[in-house]
Amino acid sequence: MSAAKSTQPAPGADTSPDSYLPAHGNGGYRVTRYTLDLDYKVGPNRLAGHAVIEGVATQPLSRFSLDLTGFRIGRVQVNGQAAKYTQRAGKLHVKPQRSLPSGSAFMAEIRYTGNPRPITSPDWGDIGWDELTDGALVASQPVGAPSWFPCNDHPSDKAAYRISVTTSSAYTVLVTGNLLAKRQGASTTTWVFERPEPTASYLMGVHIGRYEQLVLAAEPVPQLAAVPARLRRLFDRDFRRQPDMMDALEGFFGPYPFSEYVVVVTDDELDEPIEAQGLSVFGANLLDGRGTHERLIVHELAHQWFGNSLTVAEWKHIWLNEGFATYAEWLWSAESGGLGEDAHARRWHAVLAARPADLRIGDPGVANLFDERVYKRGALTLHALRKLLGDTVFFALLKDWASRYRHATVTTADFTALAEEHAGRPLAEFFHDWLFSPELPALPG
């Protein structure tokens, strides 16, 4: 969804500190937990949802709003009492019978039905709940979460989740969380998942398809997969080194931040892999049995540290997600006997040097959130920092970064301050040149 012009909000009205996507996110409260009970019929693409949202008012609220698109509302309650509501412009506006005092905990309950559709964005295409040829998936980054549940759709408002999905027993369900229960009825099965770690709304997903479930590794991190039967042989070849990747990234970044990692391969083609909390999704077109797309496997795995455990407080800090995940590709390449980090850095520095110098990756603008230069120059920034600090200090910094901000939200200022702490000297000029100057600096020798 494209950014809208911000206006001065009335108390309790919609507001968001995100300068790129001010139409998403809602002011006046923070969510602590979502409980979603979903009933989904694959054929007609019909979703019936019951959402219980627990939150805390951060100011006195006579009304508040949630992000939700394309559903008919059946009932809204706040603290067990019927509430008035209206829908417009992708928002569900709620007026409780009694105002909510600042600091008070509250519970909103919403029942809704409809045919979930992705949200169309001029910058990023269709985002959110999407039908597959035989099933469904969710790809919500950055604004797709309201396509399937009412939420405070801002990356900094991380909450816990419990999600149950009921659908035909012919299908396997994967949700970004730990499987708690699986209850089979006459023709349907209910799958219940828990995501206890604080999670941004865009990192939650539901994936439904005809999958075989596999175990890639049982320990130290359980690694599971869901794969169409016809793709099993290709998958076994292409993902055979994922457990080694997990070991390598733990060596670079510290302990894996979740209790499991799940890979889903759809039977449809996807333009790009999909990142979610504790889960990644790949299209059938990314399997060829030759490991051609191995860099994408390690890239998505690295996002579990950088993007998911550490989540950007605002979208302008996106290089903290993509630059780190791209540098993980280079680290794995060197670790596994491929090109070394220096070779990758020289190659991409030459590529970027030939392109227009018109992008500041520390504040790239909403249209350039996923520009390749954010990814590659972000990785180059880290490699240049490594050369400046030396390996011992650099890798201590990365582990401290992942540990100190585990399950929190982060900004570029947080990282640069921590880097200066580890370096023992100011680095303002270095970071200005690499992050906030359009001109590409020279690589350190």
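F306 counts as buried because its relative accessibility is 1%, buried meaning under 20% relative accessible area (1.4 Å probe, protein chains only).

Q: What kind of model is this?
A: This is a predicted model, where local features need pLDDT of at least 70, side-chain atom pairs count only at pLDDT 80 or more, and totals for chains, interfaces and linings use all residues. Residues are numbered from 1 along each chain as its sequence is written, and side-chain values use heavy atoms, leaving out hydrogens and water.

Q: How many aromatic pairs does the structure hold?
A: The structure holds 33 aromatic pairs; rings of Phe, Tyr and Trp (its six-membered ring) pair if their centres lie within 6.5 Å, and planes under 30 degrees apart count as stacked, over 60 as edge-to-face and the rest as tilted.

Q: What about Y34 and F149?
A: Y34 and F149 form an edge-to-face pair, 5.4 Å centre to centre with 90° between the planes.

Q: Where do they sit in the chain?
A: Y34 is in strand β1 (residues 29–41) and F149 is in the loop between β11 (135–139) and β12 (159–168), 115 residues apart. Strands (E, at least two residues) and helices (H or I, at least four) are DSSP runs, numbered from the N terminus.

Q: Buried or exposed, those two, Y34 and F149?
A: Both Y34 and F149 are buried.

Q: And which ring does F306 pair with?
A: F306 pairs edge-to-face with F253, at 4.8 Å centre to centre and 80° between the planes. F253 is in helix α2 (residues 242–253), and F306 is in the loop between α3 (294–302) and β22 (311–312), 53 residues apart.

Q: Why does F253 count as buried?
A: Because its relative accessibility is 2%.

Methods. Buried < 20%, exposed > 50% of the residue type's maximum accessible area, 1.4 Å probe, protein only.
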